[in-house]
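Subject: Structure handover

Hello,

I am passing on the structure we talked about. Please have a look at it, then read the notes below.

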Amino acid sequence: MKSLILTVLYLAKDTVHRWLSRLSSPLARVLVVFFLTLAALCGMGSYAISAKIVKDKLLSRGGDSVAIHVAAPADTPHGYPTEGELRRIVNCESFHLISVGSASDENGRIFPIYTYDFRRSGQMLPLLNNGGSPTILINPKSKLAPGPTTIQINRVPRTVAAHHLPDNHLLTRLISQRALIVQPGDVPMRRGNAVSSTFILKVNDLQSADDIRRVETYFNNYLRLDGNQFNIISAASIMDELESALDKQMQCRLAFCLGISVIVGILLTALAGIEYRQNEYIYTLMKSFGIRPMLLVAAFITENLILVGGSAVAALAVFMHSQDYIVLHLLKLGKYSITLPEIMTELHLIGITLLACVFASSIPVFFAANRDIGRVLK
């Protein structure tokens, strides 16, 4: 055990001595790995940021929402899933509005009237004036002003309150301008063959198109069994295209990492072979004293792991601390930033390729270290 410790200390001292006497060797490895890793992070980071930009724009335009328009027979009792059921079963926030006609204001502009399922009173009443009186809800992006408004319902004038919905509220994806919301039974439903209603749902923690399809499948089964006519509108097809583009990007990332591994692998292999040959006589003497060849190979692997790993970590630190400048001025992708979890796939790819280079570069050293002692010392 004591001899093993002394041997390890000697190999460590020899490695440091080689670094100081031939500074160009470790410096070449450090600089090449550092700049190649930094270039890889910039390139792969741009892929990750581009995907993030597209996904953010998609979500800001309602990509995580599903709109379902239902026409149910008026003379048939029908029940729909409640807010709690949809949150529990398909992990969605939801609103359900039932169309009961239309109203007009003093200028003759017509807008829809909706009511709601009484089981959803808990989520609707906070949006209405005076705890449930008829209220006009206005989309925040609309230029319409809030305040008391005189409207006509079935040619009967009424004055109701009007106010904006909260920003980014789910109902803004259903109400484009404004809509009058009344309590169930406050306005008689129009006579006809069907009752029209709309579900607007937001998928929580949207990760892929499968999350949207889970909602579509649930409502397909639910509404078809009741014999209702319905139409489902979602961004599932767009999500599919985005995921397909990301899959193709993954192939580019793999090719990029392969190119890096070839360059780094050639450099490490060449330098390791040169340095071993320069010290081959000393290492052969050590083998003649009983030092195992694998210990010499392990010393070279450890040396490269320290240099390559330290360079890669330094490149990552530089990229993370300067990404604002890199993304905004060099890649020109706008004021976006990424976190370590968002580029973890890229880090795994780079780490695996660099680790493969380190072990590949030790192959010549392995064969050299196992040469017959007599052939070296003769």
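Rings of Phe, Tyr and Trp (its six-membered ring) count as a pair if their centres lie within 6.5 Å. With that in hand, Tyr80, Phe199, Tyr218, Phe219 and Tyr222 form one aromatic cluster. Please keep in mind that the model is predicted.

First, the chain overall. The protein chain has 10 helices and 9 strands. Of its 378 residues, 43% are buried. Among contacts with a separation of 6 or more, 78% join residues 24 or more positions apart. The accessible surface is about 20500 Å², and carbon and sulfur atoms hold 60% of that surface.

Now the aromatic rings. Searching the whole structure gives 5 aromatic pairs. One of them joins tyrosine 80 and phenylalanine 199: the centres are 5.5 Å apart, the planes stand at 75°, and the pair is edge-to-face. Tyrosine 80 sits in the loop between strand 1 (65-73) and helix 3 (83-90), while phenylalanine 199 belongs to strand 8 (residues 194-203), so this pair ties together parts 119 residues apart in sequence. Tyrosine 80 and phenylalanine 199 are both buried.

Tyrosine 218 and tyrosine 222 have ring centres 5.8 Å apart and planes at 40°, so the pair is tilted. Tyrosine 218 and tyrosine 222 are 4 residues apart in helix 5 (residues 209-225), which means about one helical turn separates them.

Is each of these two tyrosines buried or partly exposed? Tyrosine 218 is buried, because its relative accessible area of 18% is under 20%. Tyrosine 222, with a relative accessible area of 26%, is partly exposed.

Regards

Conventions:
Residues numbered from 1 in each chain as written. Predicted model: local features only at pLDDT ≥ 70, side-chain atom pairs only at ≥ 80, totals over all residues. Heavy atoms only, no water. Phe/Tyr/Trp six-rings, centres within 6.5 Å; stacked < 30°, edge-to-face > 60°. Helix = DSSP H or I, 4+ residues; strand = E, 2+ residues; numbered from the N terminus. Buried < 20%, exposed > 50% of the residue type's maximum accessible area, 1.4 Å probe, protein only. Contact = heavy atoms within 4.5 Å. Areas by Shrake-Rupley, 256 points an atom, 1.4 Å probe, with all protein chains shown as cover.
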